[in-house]
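Open the structure in your viewer and keep the selection tool at hand.

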Amino acid sequence: MFDFLQGYDVLGAFWMTVKLTVLSALGSLVWGTLLAAMRVSPVPLMRGFGTVYVNIVRNIPLTVIIVFTSLGLADIFGMTLGAANDFKAQGFRLAILGLVGYHAAFVCESLRSGINTVPLGQAEAARAIGLSFGQTLRLIVLPQAFRSVIGPLANVLIALTKNTTVAAAIGVAEAAYLMKSMIENEAQTLLIGAVFAFGFVVLTLPTGLILGWLGKRLAVKR
Amino acid sequence: MSSVLYDTPGPNAKRRNVVLSVVFVALLALVLWWVWQKMDDKGQLKWSLWQPFTTSEAWTTYLLPGLGDTLKAAALAMVIALPLGAFFGISRMSDHRWVRVPAGVVVEFFRSIPVLLLMLFANEFYARSTNVTTEDRPLYAVITALVLYNASVLAEVVRAGILALPRGQTEAAYAIGLRKGQTMTSILLPQAVTAMLPAIVSQLVVIVKDTALGGVMIGYTELLNSRSTLAANYANVIPSFIVVAIIFIIVNFTLTSFASWLEGRLRRSKRGTGAVLTEDTVEVNPAAVGGAFGTGAGGTSV
């Protein structure tokens, strides 16, 4: 029944999806945290930059960003990210760049809402014992904020997992890309769709369950 | 603006803030200058590449029809997804297990697989099993995928909206002798829909953004797709990307602003229960919304 899978590297394609997800998740966590720090910082210009970045990126379709990294950054500006001759590696890196830039905005917004849930007394006490803005944020507020936004961050991670499929638009050989060619060449449309849908359910369902459980466990009890 | 995170700046802090601002502006200016240089280097600043956007031809032949198709697909998808979402959302709260469980499975399934997969599948399905014409097929596929995904997201929004209503509403309805169906249609839903409006408008932003996928992957002639035709004609890749991005930003920013205006209005209004559902209520609190399966696979706005 499943002999149509012969000759296609389905597991390899899903491995590509996982690689895209993990690397982009790490990147957007770092960049998103920096953006969130900017958005609550005492320097008005940084706050402004954070706000403008988030509002611009959130309102552009991810597809536009990903396609732009390939047709614009790589083809016109020659930004090949150190993989000028390797088309595959280049697409992979560009896709990660686009995914990080896009999802960092959502990480930033989740974190900011987490910072808002930390009671005023915490930051006030931190200031009272003489901690600076950076210390208050790093030692007192962010650790508590992170623990309260594991749920929302898990949602961003799940959305990121699903959004890696957009990388198919610039020819990265991940799950959706393989599905497109399989579904066009093989007769079992429904079965192929089911296999790939199952793959994504397997990727996203545990993420939600595990991180949801972790979020409840780690949430600061108040 | 003062914040709890830092004191109102004194003389030292003011000086430090000024220094930081200057450094930040310098960095930003450096990056912008580098981008400008790069653009100039590659000849992307030449007026001949930007000039087409001042003519009516670029707009009437490419951009406006593209934008029209984007909005058409988004509007149709929303109009079909709303009742379907309400249906599934209400089914998930049914007292009967054989209604509740299948509805939950359907909702969680379509929330956890990418829209692109649905789109590719729908496109191929229409090509093989129906006699939809080749011209109409991309539109049908885009709408089908968006409807399936967004109906399941909206189902959760509807459910959260109804659960957010005070229990007294249901109790009062039962007390005056309404049946379950009547309670839902004439008491709970009307109030929930008002509370859900901001979340629904925010979801429209997601739909508008997702139509772009159809342009690249299955050749639906929406804005991003018309951009490539336009760029092929005028050979202006970078300017066309910038213009299309700006159009998307304007459309989506308008929708987002409208959603937050609605939210503020609903919060202030004295009538109603004061329950307001934003995308955040759904997103930030998956525990309250997630239900038995609880994947929270929405990430509604992403």
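This is a predicted model: local features need pLDDT of at least 70, side-chain atom pairs count only at pLDDT 80 or more; totals for chains, interfaces and linings use all residues.

**Stop 1: chain B as a whole**

Start by selecting chain B and colouring it by secondary structure. Chain B has 302 residues, and 48% of them count as buried. Now display the contacts within chain B: among those between residues at least 6 apart in sequence, 73% join residues at least 24 apart.

**Stop 2: helix 2 of chain A**

Next, select residues 44–59 of chain A, which form helix 2. How far apart are the end C-alpha atoms of this helix? They are 23 Å apart, and this agrees with the 22 Å that its 16 residues should span at 1.5 Å a residue.

Show the side chains and pick out the buried residues: Met46(A), Arg47(A), Gly50(A), Tyr53(A), Val54(A), Val57(A), Arg58(A) and Asn59(A). What do they pack against? Within chain A, the partners are helix 1 (10–39), helix 3 (62–74) and helix 4 (87–117). From chain B come helix 1 (11–41), helix 8 (180–217) and helix 10 (237–268).

**Stop 3: the largest pocket**

The largest pocket holds about 1600 Å³ of space. Its lining counts 34 residues, and those closest to the centre are Tyr53(A), Phe68(A), Leu73(A), Val31(B) and Val35(B).

Which elements supply at least two residues each to the lining? They are helix 2, helix 3 and helix 4 of chain A, together with helix 1 and helix 10 of chain B. Helix 1 of chain B gives the most, with 8 residues. Colour the lining by residue class, and it divides into 30 nonpolar, 3 polar and 1 charged.

**Stop 4: a salt bridge in chain A**

Over all chains there are 11 salt bridges. For one of them, select Lys180(A) and Glu184(A), whose closest N and O atoms are 3.4 Å apart. Both sit in helix 8 (residues 175–185) of chain A, and because they are 4 residues apart there, about one helical turn separates them.

**Stop 5**

Move to chain B and select Arg92(B) and Glu156(B), whose side chains meet in a salt bridge (2.8 Å, N to O). This pair links distant parts of the chain, 64 residues apart. Arg92(B) is in the loop between helix 3 (56–91) and helix 4 (97–112), while Glu156(B) is in helix 6 (residues 137–163). Both Arg92(B) and Glu156(B) are buried.

Glu156(B) counts as buried because its relative accessibility is 1%, and Arg159(B) is buried with a relative accessible area of 9%.

Salt bridges that share partners join Arg92(B), Glu108(B), Arg111(B), Glu156(B) and Arg159(B) into one network.

Definitions and conventions
Residues are numbered from 1 along each chain as its sequence is written. Chains are lettered from A and ligands numbered from 1 in the order in which they are written. Side-chain values use heavy atoms; hydrogens and water are left out. The expected span of a helix is 1.5 Å times one less than its number of residues. Buried means under 20% relative accessible area, exposed over 50%, partly exposed in between (1.4 Å probe, protein chains only). Contact means heavy atoms within 4.5 Å. On a 1 Å grid over the protein atoms alone, a cavity is a set of points where a 1.4 Å probe fits but cannot get out, and a pocket is an open set with protein on both sides within 12 Å along at least five of seven lines; lining residues have an atom within 4 Å of a point. Grid points are joined across faces, edges and corners, and a volume is the space filled by probe spheres set on the points. Ala, Val, Leu, Ile, Met, Phe, Trp, Tyr, Cys and Pro count as nonpolar, Asp, Glu, Lys and Arg as charged, and the others, Gly among them, as polar. A salt bridge is a side-chain nitrogen of Lys or Arg within 4 Å of a carboxyl oxygen of Asp or Glu.
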